[in-house]
Amino acid sequence: MEQSLIEQYKDVYVFAQQVDNEISPIAFELLGKAKDLANDLNEKVVAVLIGHNVKDLAAQLGAYGADKVIVVDDKELEVYRTEPYTHALASVINEFKPEIMLVGATAIGRDLGPRVSARVQTGLTADCTSLEIGNFPLNPMPGREQKPNQLLMTRPAFGGNTIATIACPDNRPQMATVRPGVMQKIEPIADANPEVVEYNPGFTPDNKYVEILDIVKNVSDVVDIQDAKILVSGGRGVGTPENFKMLEELAEVVGGTVSCSRAVVDAGWKPQDLQVGQTGKTVRPQVYFAIGISGAIQHVAGMEESDLIIAINKDEDAPIFDVADYGIVGDLNKIVPLLTEEIKKA
Ligand code: FAD
């Protein structure tokens, strides 16, 4: 793309995912990050809200940092389908020309992001865990120009064995999908009053390839570990799947949820959606109990931002103690039941 065209693109845009007219938490997280990026660029934060009868949600997006909300409202957008949503977001990009376009790496975002980037002919860095504004290339070779104010998109690569920082210097928008739970939302602004712009690129009913026959909701009373305020996380040191009963009892008395390390998932003791870490979920609870977890770097990457970390491990040199606020050295089979009893009494 020519430099003169690139200069027409401005502002940091966020795809504000909503499902059943409820904004998904990832949208607020992305707005928090977008605000930092927009401050660095001296630009604005714009949320793109796509759906049917969704305009009323714009105020919430303002409260979490959107200066402006572009609403694309159409009957065709009532439930997520790839083609109408791709048409909606790609049309917004072509019409409004964002400098940066952020999409959550949710099931919807992972489907939508790559389609949209192909349609508007730009690059996409998927599943980012860090975003910042900086110069690119980071270490230019002699004679090669270093461009300022690029979006530096960082993500684990090669199965998590290396961390790659990627930029898109020659096309716009700079697009990224971002892992849920990594970015922080801001404290809601009480008197936010975002500009609301309605835009409809026109939709033709598109039932040719995809027709929705039924929607089956996932009914589960298990709290998503990314939403839990307290996590009681077990590792290989727990020993057997049956021993997790101890952790469940502790979780019950502290009002928490059980999660685990990858070793536990690999052993088939717990399902993958409870896994914390680089190839699992990133969590940020108020309290994280790490029980029988060694503290491998890939695990720590997913929980180190927790407010308070309490580790129980029989090995006093276990690396988990390097990130723990409180550490208990000893046999978890003795400590966990004792702790549960004491907390019950309190
Ligand atoms: P171990 O490392 O075996 O640790 C068990 C701990 O329990 C030890 O510290 C031991 O001292 C303690 N213990 C044993 N018995 C007791 C007892 N009775 N009382 C008290 N303490 C006891 N791992 C993740 O967790 N999440 C990821 O997302 C992830 N992604 C990965 C991605 C890649 C590319 C790779 C290569 C690895 C990844 N891993 C991940 C695996 C990671 O490297 C570790 O192997 C894993 O985290 C170890 O799990 P653990 O701590 O439960 O087990």
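This is a short tour of the structure, stop by stop, with something to select at each one.

**Before you start**

The model is a predicted one, where local features need pLDDT of at least 70, side-chain atom pairs count only at pLDDT 80 or more, and totals for chains, interfaces and linings use all residues. Residues are numbered from 1 along each chain as its sequence is written, and side-chain values use heavy atoms, with hydrogens and water left out.

**Stop 1: the largest pocket**

Select Pro25, Glu29, Asp224, Gln226 and Asp227. Of the 49 residues that line the largest pocket, these are the closest to its centre. The pocket has a volume of about 1700 Å³. Rolling a probe the size of a water molecule over the atoms shows where empty space is left. Here a pocket is an open set of points on a 1 Å grid over the protein atoms alone, where a 1.4 Å probe fits, with protein on both sides within 12 Å along at least five of seven lines; lining residues have an atom within 4 Å of a point. Points are joined across faces, edges and corners, and the volume is the space filled by probe spheres set on them.

Now colour β3 (22-23), α2 (25-41) and α5 (107-119), the elements that give two or more residues to this lining. The largest share, four residues, comes from α2. By class, the lining holds 21 nonpolar, eleven polar and 17 charged residues. For these classes, Ala, Val, Leu, Ile, Met, Phe, Trp, Tyr, Cys and Pro count as nonpolar, Asp, Glu, Lys and Arg as charged, and the others, Gly among them, as polar.

**Stop 2: the second largest pocket**

Which element supplies the largest share of its lining? That is α2, with three residues. β8 (130-136) and β9 (147-157) each supply at least two residues as well. The lining has eight nonpolar, ten polar and six charged residues.

**Stop 3**

Select Glu76 and Arg81, whose side chains meet in a salt bridge at 2.8 Å, N to O. A salt bridge is a side-chain nitrogen of Lys or Arg within 4 Å of a carboxyl oxygen of Asp or Glu, and the count by this rule comes to 17. Are these two residues buried or exposed? Glu76 is buried at 16% relative accessibility, and Arg81 is buried at 11%. The cut-offs are under 20% relative accessible area for buried, over 50% for exposed, and partly exposed in between, with a 1.4 Å probe and protein chains only.

Next, pick Glu99 and Arg172, another salt bridge, at 3.2 Å, N to O. The pair links distant parts of the chain, 73 residues apart: Glu99 is in the loop between α4 (82-96) and β6 (100-104), and Arg172 in the loop between β10 (162-166) and β11 (174-178). Both Glu99 and Arg172 are buried.

**Stop 4: along helix α10**

Move to Lys345 and Glu342 in helix α10 (residues 332-345), which lie three residues apart, about one turn of the helix. Their closest N and O atoms are 3.1 Å apart in a salt bridge. Lys345 is exposed because its relative accessible area is 63%, while Glu342 is partly exposed at 44%.

**Stop 5: backbone details**

Most residues other than glycine have a negative phi, and most peptide bonds are trans. Return to Arg172 and look at its bond to Pro173: this peptide bond is cis, with omega near 0°. The bond from Phe136 to Pro137 is cis too, with omega near -5°, and Pro137 lies in the loop between β8 and β9.

Finish with two asparagines. Asn42 has a positive phi, near 60°, and sits in the loop between α2 and β4 (45-51). Asn53 also has a positive phi, near 55°, in the loop between β4 and α3 (58-63). Asn42 counts as exposed at 72% relative accessibility, and Asn53 is exposed at 57%.
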